[in-house]
Amino acid sequence: MADFKRIADELLGKAVLAGALFHQFDQKQTDFIVKEVFEAGFNNRVKLAKMAAWETGIGVWQHKVIKNVVATQLVYESIKYEKTVGVIYENQNEGIVEIAQPIGPIFGIIPLTNPTSTVLFKILIAMKSRNPIIISPPRKALESCRQTVEICYNAAIEAGAPEDCIQILPEIDHGLTHEFMIHPKLALILATGGTGLVHAAYSSGNPALGVGPGNVPVFIDQSADIPFAVRNIIQSKTFDNGTICASEQAIICEKSITVQLRQEFINQECYFLSPAEIAKVESIAYNKEKQVMSADIVGQPVQKIAKMAGIEIPEGTRILVAPQEKIGDAYPLSQEILAPILAFYSTDDYSSAIKLCINLNYLGGIGHTACIYANDNKRIIEFSKIMNAGRIMVNTPSAQGAIGGIFNILPTSLTLGCGSGGKNITTENVTARHLINIQRVCRRRENKKWFGFDTEKYLDETISLDEILKDYDKNF
Amino acid sequence: MFKYDYDKALHTVTCQYSHRLDTIISNELYPIVTQVIMSHMEFESDRKLTVVFDFEKVEFVTSAFIRLCITIAKKVGEDHFSIVKTNPQIKKTFKIAGLDEQLNMD
């Protein structure tokens with residue numbers, strides 16, 4: 001324990017100094033560092049992706065290359081023109097000037113499912129906001145995270161960044177992580193990971209930006225282009241074998257289109273499980289005792305999952321589809337499963353479908369992401385108003401859509417805020433602007449109504465609100 | 001970049017630095033500053049040398065230069081070391097690093 005304290009003191013001491021030195025950098029110097037780090041990360045995208053896939057045994061290396069591209073090229077595009085240093089906003093009429101200040105040392109917790117891409121992403125937004133960052137890698141992705149940090153750090157130093165602006169934990173231990181999270185010199189925990197870790201971050205006493213778990217319902221409306229919808233869902237759910245938390249978890253439709261939708265999934269090489277096969281898949285996909293998805297199937301190819309479950313599926317199958325009647329703890333495939341497995345619900349009518357979506361949304365995925373395929377704008381808005389989700393994807397593959405930059409103009413991010421529902425402070429895609437303190441310089445601009453009003457009247461309780469407002473709002 | 005002055009009566013070395021004290025410059029300065037200070041130390045007596053770093057013209061520092069400050073302060077004793085005429089940005093840098101008081105910065 002004392003050793004953990006010593007390590008935390010040492011690394012955070014260095015980070016504080018790096019943060020202090022960062023204060024001297026102007027926007028141009030900062031942007032140059034960000035550009036150099038982006039290029040270094042981008043140029044190593046394939047190597048780092050292969051390392052991550054090999055080390056974790058999760059996902060598809062080619063898809064991890066794309067994730068690394070998203071985390072470098074697209075993140076860079078989304079932040080490169082953003083003002084993050086000095087005066088970032090000025091309005092003479094309002095008398096307001098906003099000044100950006102770095103927040104200080106950040107503790108970046110990295111998930112096993114997206115290790116190198118999340119490291120690249122968090123380092124880029126930390127550099128853009130002139131904050132030192134300490135990376136906390138998952139045990140099973142330690143080496144690939146180390147390599148990523150080294151590549152970024154060397155590029156940053158070469159570009160003139162302060163020493164120790166990017167560090168990584170020397171060892172992996174919950175006690176050490178805890179020591180960092182509660183450390184008084186830490187400014188912010190940037191937590192992307194499991195529910196327990198994110199909860200620990202919020203309980204640390206230090207500010208935290210975390211993410212909640214996802215359980216993305218996809219409503220396919222009668223007005224949808226069904227082949228298009230299925231193609232997009234497959235594109236999303238098979239991406240890196242379903243490891244993105246914004247990927248689709250359950251398909252919901254009205255019975256009027258069930259046959260057509262089901263056939264389209266079959267046409268596009270998805271396999272509908274029988275009740276007996278569902279039971280077998282449930283047994284390997286979900287740990288009923290702990291009530292969480294099984295780590296063994298996360299990011300695994302569909303053929304491997306079938307083999308683990310002891311079922312035969314056609315060659316070339318892309319997704320296992322499990323028709324479900326109900327949701328809840330007794331129905332494991334109604335929960336978040338980060339693998340190419342989808343739950344499938346057919347309901348009597350539109351109202352039942354939307355109610356089912358809200359139940360799925362609240363079953364472990366509050367505030368995260370929901371998805372709708374429709375061409376009926378009224379229904380899109382109705383669905384969106386009912387869902388509790390930071391992002392509602394419309395006619396879009398939800399995994400690639402939610403992270404922004406490809407299918408929409410959301411800020412590109414690998415940390416997706418889930419709002420109060422996910423116990424987060426924001427529903428936004430976390431980016432560089434969440435890592436700055438904004439100081440507001442307020443020049444005197446008097447409220448004429450206030451100064452034209454006799455405030456002594458507030459002391460007299462016999463004067464009604466209407467009378468006060470009549471006088472207060474008087475415009476001669 | 002660097003010049004110094006020795007006040008014999010006060011037994012004080014004042015080192016003046018200027019502009020951007022980046023890592024390369026700081027590493028080059030380290031042996032020079034150390035030599036200057038050692039050449040004025042009276043090792044045979046107990047009389048303590050005072051060292052003053054004049055930052056009037058300093059615009060930018062790196063961790064290498066901060067290490068130089070800390071090393072010299074430790075060698076001469078923190079009571080005999082100070083940093084003067086800092087600009088507000090440099091003052092803030094040392095304040096955030098928690099070093100302004102330790103290094104007797106004005």
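**Group meeting: two chains and where they touch**

Okay, let's start at the place where the chains meet: 10 residues of chain B are in contact with nine residues of chain A, where contact means that the C-beta atoms, placed from the backbone, lie within 7 Å. On the chain B side, the elements giving two or more residues are α2 (63-76) and α3 (88-96) of chain B. The largest share comes from α3(B), with four residues. By class, the chain B side has four nonpolar, five polar and one charged. For the classes, Ala, Val, Leu, Ile, Met, Phe, Trp, Tyr, Cys and Pro count as nonpolar, Asp, Glu, Lys and Arg as charged, and the others, Gly among them, as polar.

Quick word on what you're looking at. This is a predicted model, where local features need pLDDT of at least 70 and side-chain atom pairs count only at pLDDT 80 or more, while totals for chains, interfaces and linings use all residues. Residues are numbered from 1 along each chain as its sequence is written, and chains are lettered from A and ligands numbered from 1 in the order in which they are written.

Now chain B. It has three helices and four strands; both are DSSP runs numbered from the N terminus, helices being H or I with at least four residues and strands E with at least two. Along the sequence you read β-β-α-β-α-β-α. The radius of gyration of chain B, taken over C-alpha atoms, is 13 Å, close to the 13 Å from the globule rule for 106 residues, so chain B is as compact as a globular protein of that length. That rule is 2.2 Å times the number of residues to the power 0.38. The C-alpha atoms of chain B fill a box of roughly 40 × 25 × 20 Å along the principal axes.

Strand β1 (residues 2-7) and strand β2 (residues 12-21) of chain B pair antiparallel over six bridges; to pair, two strands need at least two bridges by DSSP. Asp7(B) has Thr12(B) in β2(B) as its bridge partner. These two strands form a hairpin with four residues between them, and His11(B) in the turn has a positive phi of about 50°.

So which way does β2(B) run against β3(B), parallel or antiparallel? Parallel, with nine bridges joining β2(B) to strand β3 (residues 50-61) of chain B. One pair there is Leu21(B) with Val61(B). Between them sits helix α1 (residues 23-40) of chain B, and the three make a right-handed β-α-β unit. Right-handed here means that, with the strands pointing away from you, the path from the first strand over the helix to the second runs clockwise.

Over to chain A. Here we get 17 helices and 17 strands. A compact globule of 476 residues would have a radius of gyration near 23 Å, and chain A agrees at 25 Å. Chain A is divided into domain 1 (2-211 + 430-438) and domain 2 (216-408), with bounds from an automatic or database domain assignment. Their C-alpha centres lie 32 Å apart. The contact takes 12 residues from domain 1 of chain A and nine from domain 2 of chain A.

Last stop: an open antiparallel sheet in chain A, in the order β1-β2-β17. β1 (86-91) and β17 (436-442) of chain A are at the edges with a single partner strand each, so one side of each has no neighbour in the sheet. Seven bridges join β2 (residues 96-102) of chain A to β17(A), and Glu98(A) stands opposite Arg440(A) in β17(A).

Conventions: Contact = placed C-beta atoms within 7 Å.
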